Amino acid sequence: MPRAYIPATISRQPWGMLLPLMALVAFGAAVLDSAAGGRFDVWASSHLVRFCVFMVMAMVIARLPQELFRKMALPAYGVLCALLVLVELIGGMGGGSQRWLNLEFMTLQPSELMKPGIVLVLAWFYSVLPVGETQNWRSLGPAAVLLGIPAGLVMLQPDLGTGLAITFGAVVVMFMAGLPLRWFLGAGASALVIAPIAFFTLLHDYQRRRVLVFLDPESDPLGSGYHISQSKIAIGSGGLFGKGFGNGSQSHLNYLPESHTDFVFSTMAEEWGMLGGTFVLGVFGLVFRWGLKVSLAAPDRFSRLLASGMTMTIFFYMCINLMMVMGLAPVVGIPLPWMSHGGSSMMTNMICVGTIMAVERWSRSAPKGLS
Amino acid sequence: MGKLPVTSAVLTNRFERRTFVLGALQGGVGLMLATRLGYLAVAQNEKYQAASESNRVNLTLIPPRRGWVLDRFGKALASNRADFRVDIIPDRVADRDKTMDTLAGLLSLPPDKVRDIRDKLDKARGFQPVEVAASLDWERYASVSVRLPELPGVIPQQGFSRFYPTGAAVGHLVGYVGAASAEDYEKERNPLLVTPGFKIGKDGLEKHFETRLRGVPGARRVEATASGRIVRDLGTREDVPGKPIQLTINAGLQDYAARRVGLESGSVVVMDCETGDILAMASMPSFDPNSFSDGIGRIEWKMLSEDDHVPLRNKVLRGLYPPGSTVKPMIAMSFLEAGLDPSASVGCGGGLRVGNRVFHCWNRRGHGTVDMAKAIYQSCDVYFYHFAQKIGMDTIATMARRLGMGQEFPMPYPGQSYGTVPDPAWKKKKYDKEWAVYDTVNATIGQGYMLSNPLQQAVMTSRIASGREVMPRLLLDRNAAQPKSMGFRQDHLDYIHAAMSEVVNGRGTAGRAKLPVDVLMAGKTGTAQVVGLNIGNGKGGLWKHRDHGHFIAFAPFDKPKYACAVVIEHGGGSGAAYPIARDVMTYIFDQAKAMEVLEGFEKQWGGNVQQRMAARYEVFAAKYGASAPKPVPDDAELTERVEQGRKPAEAPATVQTDAAAPRPEPEQAPVTTPSPAPTPAATPTTTGGQ
């Protein structure tokens with residue numbers, strides 16, 4: 001346990017998670033360096049800088065009192081919904097789909113922030129909902145409205161991936177809040193029925209094509225299936241130990257699309273092989289285990305739901321992205337946390353981490369709850 | 001669950017259980033991802049490594065240099081020229097019009113050429129490269145190369161292109177090459193066939209010896225990006241050039257013979273009568289295989305297909321003509337072998353009465369007393385009418401076949417026309433009619449059913465000259481055994497040779513065919529009627545109604561070495577043929593003297609073959625420049641149409657009912673006016689025969 005000569009603020013940090021996470025980010029920077037053809041300044045440097053900036057932000061979030069979180073939950077949610085509407089309006093005027101706001105110093109993607117936002121507002125909702133009400137419709141109705149507004153707006157953009165991520169986060173919080181199991185089973189069953197209908201009516205052509213191509217990538221090896229095929233070639237050709245740092249031909253010769261964003265895992269696996277892949281999976285495993293442990297040890301209902309929801313939000317990113325690059329899911333634009341180049345996803349993930357760290361701090365200071 | 005009152009403790013308990021479910025879900029997904037990773041990276045590693053390697057490494061075939069076609073002295077009839085060229089792969093072109101506009105500007109292509117390329121682009125299947133320009137200079141090649149990024153699908157490259165130094169002179173002899181057609185590719189499934197710059201033999205020797213001439217392609221391995229940018233060279237394997245073929249042809253003589261035909265439509269065959277080596281085999285007018293090999297443009301096609309001189313037909317092998325009086329030495333030989341005394345004579349009074357009919361000699365005034373020698377050098381018809389009646393058609397027909405008439409020779413060209421040697425059995429079988437007197441009369445003067453091609457006439461001449469059973473040979477074989485003897489008596493041969501020498505060097509029908517060198521040439525004239533006297537006299541009038549002119553010759557007459565046959569379609573008589581034979585033979589013995597004569601002629605004709613063809617192209621381009629229809633068939637169709645255009649003249653389908661009027665031999669009627677150059681106006685193409 002903490003040694004006397006290390007300040008408590010430092011020794012209290014969850015180093016068991018933080019150190020592997022930093023290693024993962026550093027590893028990500030190395031992969032981005034290679035993806036840029038050995039140029040550090042193209043993507044890798046900004047990747048590291050962003051991580052440092054957002055790490056500081058996470059530390060700040062971690063020190064915020066629970067009371068602030070509770071108070072800010074609804075207003076933050078409201079602001080984010082307003083921003084989503086704003087984005088939609090600007091996009092409508094620009095004559096195309098737009099997902100971000102240009103804030104001069106950075107581009108802000110409100111739908112990204114909505115992922116932790118929905119978890120926060122639902123955690124707050126279920127913490128204030130009387131315990132007795134959790135088993136009837138009153139526990140579902142408001143939550144459905146809270147989810148429906150942002151999810152609908154994001155799907156309208158159209159951004160299926162983010163829409164699903166928001167929905168997934170919300171469903172996890174509902175699930176953890178103790179809503180009756182049969183509701184989830186029922187919803188799952190009806191989803192099975194509705195999915196084919198939605199496939200033909202709600203999805204855009206390009207999304208439908210992606211799904212079809214996912215089912216049979218070889219049907220269109222030069223079109224939409226190209227992404228999946230090339231990604232599988234990159235991962236498969238890496239072998240056990242990879243082709244070596246800087247030797248990935250798939251990424252360097254541009255056969256692999258989006259080699260620094262959505263398909264960064266393929267870029268990595270080509271050069272580092274299964275060894276690198278296992279390392280990435282291991283780090284994610286450590287992060288999720290920490291997140292669930294924190295939520296189990298959390299002092300109250302709000303923080304429990306908050307921590308588990310945030311953990312699962314990160315998990316959803318990783319799960320969908322890795323399934324996609326390995327040909328187990330259709331191509332949806334979801335980046336891999338801490339490895340893909342991109343500010344918005346880095347910010348979202350660090351908000352999630354910061355929030356979980358805050359929960360961890362609350363459980364240290366507050367007396368243990370009921371158990 | 002609903003029955004118990006839900007308390008905070010229950011929810012916490014439920015939370016813990018459900019957290020465990022989430023953990024299990026995460027673990028499960030993690031395990032699945034790890035398994036999938038292992039499956040891809042380890043179990044299927046080999047497959048994906050191969051795929052990645054085939055992505056990374058781009059294999060570009062380098063078309064092999066084609067084997068040369070050499071003449072007997074090693075001079076090139078077809079060679080390769082290093083050049084810069086630009087091709088288009090239609091499939092990869094983004095904006096066809098824009099690309100063509102840019103290229104036309106960069107390469108300064110004339111509008112008719114641009115239109116030809118557009119035609120080809122429209123027709124080409126995706127994988128077929130279309131040639132935009134070849135034989136470019138460095139500046140223009142470089143100007144395209146630097147603009148490549150904005151010209152997807154355009155491929156500039158350094159390579160080799162086929163080059164025929166003497167152009168049209170070897171068009172029919174060697175053939176031409178061209179981009180492989182879709183049919184070729186279907187047949188062979190060889191990626192080389194669709195490699196830009198690769199040409200396949202389309203006709204003649206180029207087609208017949210394709211496998212031998214082709215060679216083995218080289219390959220260049222490069223590392224290329226997905227968009228095709230080459231990152232680095234991984235190595236190049238040199239091509240293995242095709243094997244050359246050496247012909248018996250004498251390139252200089254071939255070119256001379258082709259040029260000497262001039263404005264006429266005709267063929268010249270020169271053979272070594274001791275070995276059968278073909279020294280020259282020219283059919284003119286012809287096409288320029290150099291420009292054919294780049295694909296045929298609209299104007300060029302119009303020019304060739306509308307020419308009544310049928311430049312697309314190889315007349316040496318596919319032209320059929322009544323041989324006229326050139327068969328007389330052969331018939332005399334059959335008389336000798338049948339035991340006729342050469343001094344036996346008849347009196348020629350201008351005609352021969354058989355029963356109540358009179359068959360005329362070409363010389364209505366009569367030749368007086370005629371023995372065999374005089375019958376040959378004066379070409380007296382009555383002598384042959386008379387003795388043919390006595391000796392019989394079967395003897396003559398047998399000799400004709402022995403000497404090569406009506407025979408097909410093993411030549412590396414498809415579809416020879418081998419004509420007819422008529423006899424009573426043949427007529428019975430073909431027309432179910434009895435042989436009549438006039439049939440014999442016709443046959444003895446090489447008219448009627450008798451049809452032959454110029455090569456057969458050359459073989460006949462060779463066999464009479466050397467007394468050996470020579471077979472025409474096109475591939476040089478220095479170790480070939482000498483052909484065996486025909487079994488003729490030497491004194492018979494000497495007698496015929498002397499009579500044929502008299503034709504040229506004495507009192508004969510072709511006195512002006514005497515060689516201007518110290519070598520005596522022997523020969524025989526022939527004039528074959530094309531239309532009856534009721535339509536024309538055969539000397540003037542419509543070009544296609546004029547008589548065919550023949551001349552067969554060999555030299556030196558006492559020690560025969562070279563044999564020659566000249567056929568001039570509608571030349572108006574043998575007077576059109578023997579000056580050509582004389583000059584061609586002169587070339588063998590004294591090139592300078594022969595060239596001097598030729599250059600004199602070419603000044604009158606408006607330049608040499610290339611210059612005249614270029615001038616005609618200009619005329620056509622000016623006349624039809626913008627409006628030339630689009631008849632340029634695609635490759636497969638073209639081959640077919642070329643084939644049709646060169647279909648042999650049909651043998652007369654109608655039965656002959658009377659004797660042909662023998663045409664006067666031309667000593668007194670020299671032809672000085674060359675037949676007019678064919679005009680662009682469409683005239684029905686003529687067939688060679690009667």
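Modeller: What follows starts at the contact between the chains and then moves to the cores and a sheet.

This is a predicted model. Between the chains, 42 residues of chain A are in contact with 41 residues of chain B. On the side of chain A that touches chain B, the elements giving two or more residues are α7 (160–176), α10 (225–238), α11 (249–252), α12 (264–296) and α13 (301–325) of chain A. Of these, α12(A) supplies the largest share, eleven residues. By residue type, the side of chain A that touches chain B holds 22 nonpolar, 18 polar and two charged residues.

Chain A as a whole has 14 helices and two strands. Its length is 371 residues, and buried residues make up 51% of them. Taking the contacts in chain A with a separation of 6 or more, 70% are between residues 24 or more positions apart.

Next, the nonpolar cores. The largest one has 138 residues, and the members touching the most other members are B:V269, B:V270, B:C564 and B:A581. Domain 1 (58–246) and domain 2 (251–668) of chain B each give at least three residues to this core. Leaving aside neighbours within four places in sequence, B:V270 is in contact with B:L253, B:A257, B:L279, B:A280, B:Y562, B:C564 and B:V584. One of these partners, B:C564, is itself among the residues that touch the most other members of the core.

Finally, a sheet in chain B. Strands of a sheet pair through backbone hydrogen bonds, either parallel or antiparallel. Here three strands form an open sheet in the order β1-β8-β9 (chain B), and the pairing is antiparallel. β1 (57–62) and β9 (230–237) of chain B are the edge strands, each pairing on one side only. On average, neighbouring strands of this sheet are turned by 25 degrees against each other, direction ignored. Strand β8 (residues 218–224) of chain B is joined to β9(B) by six bridges, and the two run antiparallel. One residue pair to look up there is B:A219 with its bridge partner B:R237 in β9(B).

How values were computed: Residues are numbered from 1 along each chain as its sequence is written. Chains are lettered from A and ligands numbered from 1 in the order in which they are written. This is a predicted model: local features need pLDDT of at least 70, side-chain atom pairs count only at pLDDT 80 or more; totals for chains, interfaces and linings use all residues. Two residues are in contact if their C-beta atoms, placed from the backbone, lie within 7 Å. Helices (H or I, at least four residues) and strands (E, at least two) are DSSP runs, numbered from the N terminus. Ala, Val, Leu, Ile, Met, Phe, Trp, Tyr, Cys and Pro count as nonpolar, Asp, Glu, Lys and Arg as charged, and the others, Gly among them, as polar. A nonpolar core is a set of buried Ala, Val, Leu, Ile, Met, Phe, Trp, Tyr and Cys residues joined through C-beta atoms within 7 Å. A residue is buried if 20 or more other C-beta atoms lie within 10 Å of its own, exposed if 12 or fewer, and partly exposed in between; C-beta atoms are placed from the backbone. Domain bounds come from an automatic or database domain assignment. Two strands pair if DSSP finds at least two bridges between them. Axes are lines fitted to C-alpha atoms, for helices over the stretch in contact, and angles run from 0 to 180 degrees between N-to-C directions.
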